[in-house]
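Take a look at the model below. We will walk through its salt bridges and one of its helices.

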Amino acid sequence: MDFANQIILVSAGLITFSIFAGVLSSRIGAPLLLVFLAFGMLAGEDGPGGIVFDDFAVAYLVGSFALALILFDGGLRTHRDALNRAFGPSLALATIGVVLTAATTGLAAKYLFGLGWAEAFLLGAIVGSTDAAAVFFLLHLRGLRLKARVAATLEVESGINDPMAIFLTLALVGIATASHSIADWEDAAGFLLDFLWQMLGGVLFGIAGGALVLRAVNRLQLSAGLYPILAGALALLVFAVAQAAEASGFLAVYIVGFTIGNNPHRATSEISRFSDGVAWLSQICMFLMMGLLVTPSALLPLFFPALAVALILILVARPAAVWLCLAPFRFSPKETAFVSWVGLRGAVPIFLGTIPVLSGVEGAETLFSIAYVIVLVSLILQGWTVPLVARAADVELPPRPAPDRRVELDLPAGKGKSVVAYTVDPMSLLLRRGINRLPLPVGATVISVMRDGVVRTEGLDQGVKPGDVVMILTTAGMIPTLDRLFGARRARTRAKDVGTVDFILDGSASAALVADLYGLDFEPEERALSLEEFMRSRLGKDIKEGARTRVAGVALAALQVQDGAVRQVGLDLDPPQEEKFVTRLRSRAREALRSLRVLFIADDPRGPF
């Protein structure tokens with residue numbers, strides 16, 4: 001009884017203090033995951049806590065459980081558009097990229113530590129994949145907003161590359177312990193078939209399991225609080241069944257989360273919030289446990305050679321693999337460099353490092369210690385500098401305004417709609433533009449406006465005032481756009497060559513529709529064009545990303561240009577004053593030229609030429 005109470009006391013205390021430490025560390029920009037890892041080390045046997053923990057079997061069990069929940073949450077938050085946008089480059093990085101990174105890192109470890117070939121490449125496989133948890137939390141927690149294709153590539157890659165690293169690790173553990181070999185073509189064919197089943201089986205179990213979980217959530221009549229528990233439990237069941245069938249349970253549980261997150265279902269907000277909280281708890285427990293597992297004094301003799309391996313991984317192996325994988329996909333050199341830099345290593349390499357120890361690989365404790373040093377270097381060097389590198393690589397976009405008070409209501413499953421209520425902020429774009437109507441995107445309908453406790457359902461086009469509560473029927477995909485419209489405007493920051501934008505619009509959108517929604521003063525002939533055609537008519541055929549044009553004090557920017565076509569257009573509703581001045585000058589110049597043209601045509605029946 002006393003032992004159980006002590007376990008509860010120590011666990012709760014570690015989690016609580018690590019959260020407080022994380023809050024304090026955020027003020028100096030320290031990576032939160034590094035804080036959890038360091039706090040675990042301080043609580044360990046070489047630190048002030050003095051807790052002795054060396055049970056690798058428990059660490060593997062807890063790590064598997066936590067990583068499955070983290071990947072489920074990651075899939076839940078991966079939008080279908082992101083997968084469509086970045087599937088090709090992400091798949092290349094998650095397969096070929098992991099193999100190339102592992103091979104280069106293993107080669108370096110072979111000569112720096114004098115390891116055998118199997119053990120050296122085993123180390124490379126352990127640290128070869130980027131960590132989904134580290135990437136998800138770094139990008140979302142810090143509010144770092146990147147170019148859509150770059151962000152999608154990083155998120156999807158980190159979500160689907162763990163199965164490759166796990167497969168390589170298990171295969172090389174078998175070779176190192178002489179339980180497997182590749183002595184002939186038959187062995188190589190068996191190795192390849194195992195890999196294909198891992199990947200294909202993971203996909204099949206994920207698709208089938210996702211459909212099962214979605215159907216269960218939508219069909220069963222439960223208390224609202226039970227839906228997130230049901231979804232999480234069924235996702236873990238799919239993970240366990242896939243693992244038992246020797247397929248990739250980690251890939252399967254990610255796909256289950258992706259299926260749930262991209263289809264209408266009951267208790268959307270409850271499942272999302274519960275999964276977010278469980279993923280945080282899993283992340284904290286995983287890093288704390290891995291911090292407890294290591295003995296810092298054992299790292300000192302290996303530190304400098306391990307540091308050299310970490311630098312080779314970060315500066316040579318990862319960039320070379322990324323460059324080769326992304327070359328066919330027309331990423332710019334700066335985008336490729338940024339993707340290379342955000343190859344963060346987190347708890348997954350430490351988790352994989354427990355497998356050789358449990359399997360009895362010779363020198364496995366050394367491999368575990370080297371992997372730990374590599375993770376520390378990655379979190380310190382890469383995790384601390386990602387925002388700076390994003391600005392230097394011109395892939396950072398300005399932060400979007402977010403509403404402080406937004407309430408979501410779930411509708412019956414299958415409707416594909418949500419009801420959201422916003423409290424109008426005095427600094428929202430809606431009021432700062434002086435718009436006397438609600439310029440809502442297509443698919444969003446105002447249900448009511450409440451002012452001073454009085455609900456109004458008629459005359460909704462008369463505008464709103466600060467403090468009004470606006471209830472809107474919309475789709476989940478429109479909520480970010482509504483957030484930007486109703487949210488308080490943050491301090492303006494400017495990204496080089498792109499500038500500040502409030503809305504991102506598709507290039508194929510109708511210029512007339514956009515003009516009506518946002519009150520833009522397009523010429524009659526321009527209203528008949530798409531936004532892509534409008535931008536080319538203003539800026540010419542050779543448009544560069546970041547090029548801007550202005551209409552009556554509103555700026556439009558070419559955010560994404562592919563093969564000469566403008567795929568995405570950014571709308572800046574509140575450009576700086578100097579841009580407004582330039583806008584007036586250009587508008588007056590166009591009016592003067594138009595007047596001259598009319599004058600020439602009137603005076604000469606042959607026209608101006």
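Does Asp468 count as buried or exposed, and at what relative accessibility? Asp468 counts as buried, at 2% relative accessibility. Buried means under 20% relative accessible area, exposed means over 50%, and partly exposed lies in between (1.4 Å probe, protein chains only).

A word on the ground rules. This is a predicted model: local features need pLDDT of at least 70, side-chain atom pairs count only at pLDDT 80 or more, and totals for chains, interfaces and linings use all residues. Residues are numbered from 1 along each chain as its sequence is written, and side-chain values use heavy atoms, with hydrogens and water left out.

Now the charged pairs. A salt bridge here is a side-chain nitrogen of Lys or Arg within 4 Å of a carboxyl oxygen of Asp or Glu. By this rule, the count is eight salt bridges.

Start with Asp468. Its salt-bridge partner is Arg451, and the closest N and O atoms are 2.8 Å apart. The pair links distant parts of the chain, 17 residues apart. Asp468 sits in the loop between strand E4 (454-456) and strand E5 (469-474), while Arg451 belongs to strand E3 (residues 445-451). Helices (H or I, at least four residues) and strands (E, at least two) are DSSP runs, numbered from the N terminus. Arg451 is partly exposed, with a relative accessible area of 26%. Elsewhere, salt bridges that share partners join Asp73, Arg77 and Asp276 into one network.

Next comes Glu157. Glu157 forms a salt bridge with Arg318, with 2.8 Å between the closest N and O atoms. Glu157 lies in helix H7 and Arg318 in helix H14 (residues 303-326), so the pair ties together parts 161 residues apart in sequence. Both ends are covered: Glu157 is buried at 2% relative accessible area, and Arg318 is buried at 4%.

Lys147 and Glu335 make another bridge, their closest N and O atoms being 3.9 Å apart. Lys147 lies in the loop between helix H6 (132-141) and helix H7 (148-160), and Glu335 in helix H15 (residues 333-341), so this pair ties together parts 188 residues apart in sequence. Lys147 is buried, with a relative accessible area of 17%. Glu335 is buried too, at 12%.

Finally, turn to helix H17 (residues 364-381). The expected span of a helix is 1.5 Å times one less than its number of residues. The 18 residues of H17 should therefore span 26 Å, and its end C-alpha atoms are 26 Å apart, which agrees. H17 is mostly covered, with 14 of its 18 residues buried.
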